[in-house]
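Keep the sequence and the 3D view side by side.

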Amino acid sequence: MPKILLYYAFTPLPDPEAVRLWQRDLCSSLGLRGRILISKDGINGTVGGELDAVKRYLRSTREYPGFRELDAKWSAGSGLDSDGRSLDFPKLSVKAREEIVSFGAPAELRVDEHGVIGGGERLAPRELHELIEARDDVVFFDGRNRFEAEIGRFRGAVVPDVANTREFVAELESGAYDHLKDKPVVTYCTGGIRCEVLSGLMKSRGFQEVYQLDGGIVRYGEAFGDSGLWEGSLYVFDGRGSVTFGEEAAVIGRCAGCGAGTSRMRNCADPSCREQLVVCEECDVLRCAAHANGAAAGTAVRTAVGTAAPDAPHR
């Protein structure tokens with residue numbers, strides 16, 4: 001049975017390179033594929049493979065003292081190849097980096113054995129509903145890249161105009177969201193890790209009441225499915241492209257080529273570009289406006305182009 005494990009842990013790591021080598025060898029021995037980032041502040045990864053192998057991986061990883069409380073979330077993989085390896089990842093990538101979430105502000109992140117210091121107050125999914133019932137001024141703040149929100153987001157959410165995580169600091173300092181600084185702001189992202197950092201960045205820039213959705217969209221979807229405040233599909237950074245939390249999921253994405261409703265995401269057809277576009281099966285593959293090469297923006301390109309997954313795990 002193919003499974004995908006999404007996880008992270010913020011904890012001080014005195015020797016990230018040693019942890020990287022251990023994780024690489026552990027995954028290789030179990031036939032797992034995926035992407036893992038390690039830094040002095042912790043680990044952030046997504047791995048896929050056969051269920052028993054992924055379970056063994058999680059048990060072994062949690063044997064490391066700093067990873068005992070590692071936040072893990074499970075989902076179904078799309079399949080396994082003839083060697084039992086995940087079809088959702090092209091390879092195994094385990095890297096040591098300055099940040100496990102690339103906000104470009106490593107000096108601002110402080111962690112101890114309990115996790116991030118100075119982040120927003122955590123809200124479990126049901127606690128989020130309680131806050132919304134008690135307050136009429138709660139603001140959802142999307143902590144993901146803007147293209148992810150094109151196929152799914154919380155109802156009425158503020159979606160910052162950022163192409164990648166590194167643009168958030170400048171976006172917060174632009175003044176565009178100063179009117180939210182005295183409101184209750186709930187940050188959310190895929191699995192919770194981006195908001196661990198983002199909520200702290202917001203607090204240090206004058207936002208007075210900042211929360212983070214504990215476990216992210218994934219845990220909210222597990223709790224409420226299609227009956228809550230989430231609308232659409234969840235973009236994921238692997239071969240599946242997106243996932244839903246039930247059979248009644250709304251389709252809010254619109255094809256960049258023809259406007260048809262779809263949750264299908266594809267890279268721009270230009271091999272040098274990593275822009276993600278909403279593209280229906282009929283249009284198949286499109287170029288972004290910057291790479292239309294003289295053709296009208298949104299013109300379908302009828303050639304097969306592979307999707308290049310970003311060099312980062314789920315967040």
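Predicted model: local features only at pLDDT ≥ 70, side-chain atom pairs only at ≥ 80, totals over all residues.

Residues are numbered from 1 along each chain as its sequence is written, and side-chain values use heavy atoms, with hydrogens and water left out.

Start with the mixed sheet. Five strands form an open sheet, ordered β4-β1-β3-β2-β5, with mixed pairing. Helices (H or I, at least four residues) and strands (E, at least two) are DSSP runs, numbered from the N terminus. Two strands pair if DSSP finds at least two bridges between them. The edges belong to β4 (71–76) and β5 (92–96), and each of these pairs on one side only. From one strand to the next, the twist averages 10°. Axes are lines fitted to C-alpha atoms, for helices over the stretch in contact, and angles run from 0 to 180 degrees between N-to-C directions.

Look at β1 (residues 2–10) and β3 (residues 42–50) in this sheet. They run antiparallel and are joined by 9 bridges. Which residue of β3 is the bridge partner of Ile-4? The partner is Gly-48. Helix α2 (residues 51–61) lies across β1, β2 (33–39), β3 and β4. Its direction is at about 155° to β3.

Now move to the parallel sheet. Here 4 strands form an open sheet in the order β8-β12-β11-β9, and the pairing is parallel. β8 (121–123) and β9 stand at the edges with a single partner strand each, so one side of each has no neighbour in the sheet. The twist averages 35° from one strand to the next. Strand β11 (residues 184–188) runs parallel to β12 (residues 209–213), and 4 bridges join them. Val-185 has Val-210 in β12 as its bridge partner. In general, strands of a sheet pair through backbone hydrogen bonds, either parallel or antiparallel.

Helix α3 (residues 125–134) packs on this sheet. It touches β8, β9, β11 and β12, and its direction makes about 100° with that of β8. Contact means heavy atoms within 4.5 Å. Helix α5 (residues 193–203) also lies across β8, β9, β11 and β12, running at about 175° to β12. Why is α5 described as largely enclosed by the rest of the structure? The reason is that 10 of its 11 residues are buried. Buried means under 20% relative accessible area, exposed over 50%, and partly exposed in between (1.4 Å probe, protein chains only). The buried residues of α5 include Ile-193, Cys-195, Val-197, Leu-198 and Met-202. Arg-194 and Glu-196 are buried there too.

Helix α6 (residues 216–224) comes next. It packs against α3 at an angle of about 85°, with the axes 9 Å apart. The two helices are therefore roughly perpendicular (65 to 115 degrees). From α3, the residues Pro-125, Arg-126, Leu-128 and His-129 meet Arg-219, Tyr-220, Ala-223 and Phe-224 of α6. By class, this contact has 5 nonpolar, 1 polar and 2 charged residues. Ala, Val, Leu, Ile, Met, Phe, Trp, Tyr, Cys and Pro count as nonpolar, Asp, Glu, Lys and Arg as charged, and the others, Gly among them, as polar.

α6 also lies across β1 and β4, running at about 60° to β4. Its buried residues are Gly-216, Ile-217, Val-218, Tyr-220, Gly-221 and Phe-224. Just after α6, Gly-225 takes a positive phi of about 55°.

Finish with the charged pairs. How many salt bridges does the structure hold? There are 20. A salt bridge is a side-chain nitrogen of Lys or Arg within 4 Å of a carboxyl oxygen of Asp or Glu. Arg-144 pairs with Asp-142, the closest N and O atoms being 2.9 Å apart. Arg-144 is buried, at 0% relative accessible area, and Asp-142 is buried, also at 0%. Arg-135 and Asp-137 form another salt bridge, with closest N and O atoms 3.4 Å apart. Arg-135 is partly exposed at 29%, and Asp-137 is partly exposed at 26%.

Asp-161 and Arg-146 form a salt bridge too, at 3.0 Å between the closest N and O atoms. This pair links distant parts of the chain, 15 residues apart. Asp-161 sits in the loop between β10 (152–154) and α4 (168–173), and Arg-146 in the loop between β9 (139–142) and β10. Arg-146 is partly exposed, at 28%. Elsewhere, salt bridges that share partners join Asp-71, Lys-73 and Arg-219 into one network.

Terms used:
Parallel < 35°, antiparallel > 145°, perpendicular 65-115°, else oblique.
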